[in-house]
Amino acid sequence: MSGSGSKKQMKEKIVQIYEAYFKGEDQSLTNPNFWDEFFLLKPKPNVLESELIKLNSEQLLALKDNINLLFSKCVSMLNNEHHIRVAHSLLSLIGLIRGIYTRPPSDVGCDILDILVGLTSADLQLQLLIENCCDILSGELPSIVKTLCLRLILTMCSASDNISSNALIEHLMLHSIFEPLFQILCSSEGRTEHGRDAVLVMTFLTSYKRTIGANPYVVKLSLLDDELALTGYARVITNVLDEFNQKYVQARQAEPQNSWLSSLTSMVGSMFVSDEAALRIDQFKTIDSFLLSLYQAVFVNRHFMGILAHSQADLIPEPPIVTITDT
């Protein structure tokens with residue numbers, strides 16, 4: 001047996017299907033159960049993404065129908081009764097979107113959304129996708145499925161470097177997911193498992209063209225007066241910031257205590273050696289989105305500052321009662 005044949009046999013079945021599919025083969029034409037079987041196989045989003053990236057612009061255009069078909073099959077599988085198929089379709093969509101949007105528009109040769117979904121069916125397919133995501137987030141599904149759903153929405157929101165030119169977010173403006181996101185934030189269990197992703201999604205959505213026109217998420221957030229929802233929103237943000245502050249304090253305490261002369265020398269040296277500064281910047285990048293979330297909520301919602309103050313006050317332990325007795 002040749003070495004190449006041995007390597008081919010060692011590849012997982014899903015990888016072989018990806019390779020064949022993006023060479024123009026459509027196994028569903030000869031196997032009526034192909035898609036049902038396909039979504040039972042554990043997807044590999046990174047492999048799916050890399051297979052799409054490997055295609056040149058001519059190959060990508062030639063495979064547009066195959067890509068559109070895969071996208072539509074993933075969307076239709078989101079309301080399947082088998083949770084494993086739902087999870088696998090979400091993972092497949094993540095890899096598919098990343099693979100298409102990683103390429104610069106000039107390399108695609110036409111509208112990116114046309115390659116991904118097909119312009120004639122984009123409105124319907126994306127509406128179905130968003131409606132299915134709403135059902136997943138508000139339904140009684142396993143936690144991992146909801147996590148993957150939020151990761152898919154985050155992938156859609158961050159698909160383009162320029163958020164204002166992201167056509168996928170435009171469809172999220174037309175079909176709102178505001179209520180399912182805050183339904184998650186109203187639940188203690190939901191906040192613990194999905195709160196950070198939900199807040200990140202809201203941050204993306206409220207940032208979209210907010211200075212150009214009426215952003216429906218900004219409008220809804222500004223009108224929100226549900227104390228439970230706002231408290232949940234505030235607690236997720238403050239928990240992330242508190243966690244960062246605690247890690248920063250611990251890191252500072254772990255540093256060796258030097259003399260003032262050594263500290264001065266280190267400070268002067270850091271002006272010329274930027275490694276430490278770069279590390280600090282990277283640390284701040286991990287929370288900059290939550291700082292933006294905090295700013296947006298305070299700026300947009302007139303109730304949020306009061307809710308934030310009350311939620312923080314609830315977390316401050318009461319001082320011990322000291323009883324003074326005569327001796």
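Which residues does Leu 205 touch, not counting residues up to four places away in sequence? I opened my notebook with that one, and I kept in mind that this is a predicted model.

**Entry 1: Leu 205**

I looked up its neighbours and found Cys 157, Ile 169, Leu 172, Met 173, Ile 177, Leu 181, Asn 215 and Tyr 217, leaving aside residues up to four places away in sequence. I then checked the largest nonpolar core, which has 91 residues. Leu 129, Ile 177 and Leu 205 are the ones that touch the most other members of this core.

**Entry 2: the whole chain**

Next I stepped back. I counted 20 helices and 0 strands in the protein chain. Of its 327 residues, 42% count as buried. I also looked at contacts with a separation of 6 or more, and 74% of them join residues 24 or more positions apart.

**Entry 3: two helices side by side**

I picked helix α11 (residues 143–157) and helix α14 (residues 188–207), whose axes come within 10 Å and cross at roughly 20°. Angles under 35 degrees count as roughly parallel, and α11 and α14 are therefore roughly parallel to each other. Their crossing is left-handed.

I listed who makes the contact. From α11 come Ser 143, Lys 146, Thr 147, Leu 150, Arg 151, Ile 153, Leu 154 and Cys 157. From α14 come Glu 193, His 194, Asp 197, Ala 198, Leu 200, Val 201, Phe 204 and Leu 205. Sorted by class, this contact has 9 nonpolar, 3 polar and 4 charged residues. I was pleased to meet Leu 205 again here, among the residues of α14 in the contact.

**Entry 4: Cys 133**

Is Cys 133 buried or exposed? Its relative accessibility is 2%, and buried means under 20%, so Cys 133 counts as buried. I found Cys 133 in helix α10 (residues 122–138). Beyond residues up to four places away in sequence, Cys 133 touches Cys 149, Leu 152 and Ile 153. I checked one of these pairs: Cys 133 and Leu 152 are 19 residues apart in sequence and 9.0 Å apart in space, C-alpha to C-alpha.

**Entry 5: Ser 293**

Last, I turned to helix α19 (residues 288–300), where Ser 293 has its place. Ser 293 has a relative accessible area of 0%, so I noted Ser 293 as buried. What does Ser 293 touch, not counting residues up to four places away in sequence? I wrote down Val 199, Thr 203, Tyr 233 and Ile 237.

Definitions and conventions
Residues are numbered from 1 along each chain as its sequence is written. This is a predicted model: local features need pLDDT of at least 70, side-chain atom pairs count only at pLDDT 80 or more; totals for chains, interfaces and linings use all residues. Side-chain values use heavy atoms; hydrogens and water are left out. Axes are lines fitted to C-alpha atoms, for helices over the stretch in contact, and angles run from 0 to 180 degrees between N-to-C directions. Helices (H or I, at least four residues) and strands (E, at least two) are DSSP runs, numbered from the N terminus. Angles under 35 degrees count as roughly parallel, over 145 as roughly antiparallel, 65 to 115 as roughly perpendicular and the rest as oblique. A crossing is left-handed if the near helix is turned anticlockwise from the far one by less than a right angle, and right-handed if clockwise. Contact means heavy atoms within 4.5 Å. Ala, Val, Leu, Ile, Met, Phe, Trp, Tyr, Cys and Pro count as nonpolar, Asp, Glu, Lys and Arg as charged, and the others, Gly among them, as polar. Buried means under 20% relative accessible area, exposed over 50%, partly exposed in between (1.4 Å probe, protein chains only). A nonpolar core is a set of buried Ala, Val, Leu, Ile, Met, Phe, Trp, Tyr and Cys residues joined through side-chain atoms within 4.5 Å.
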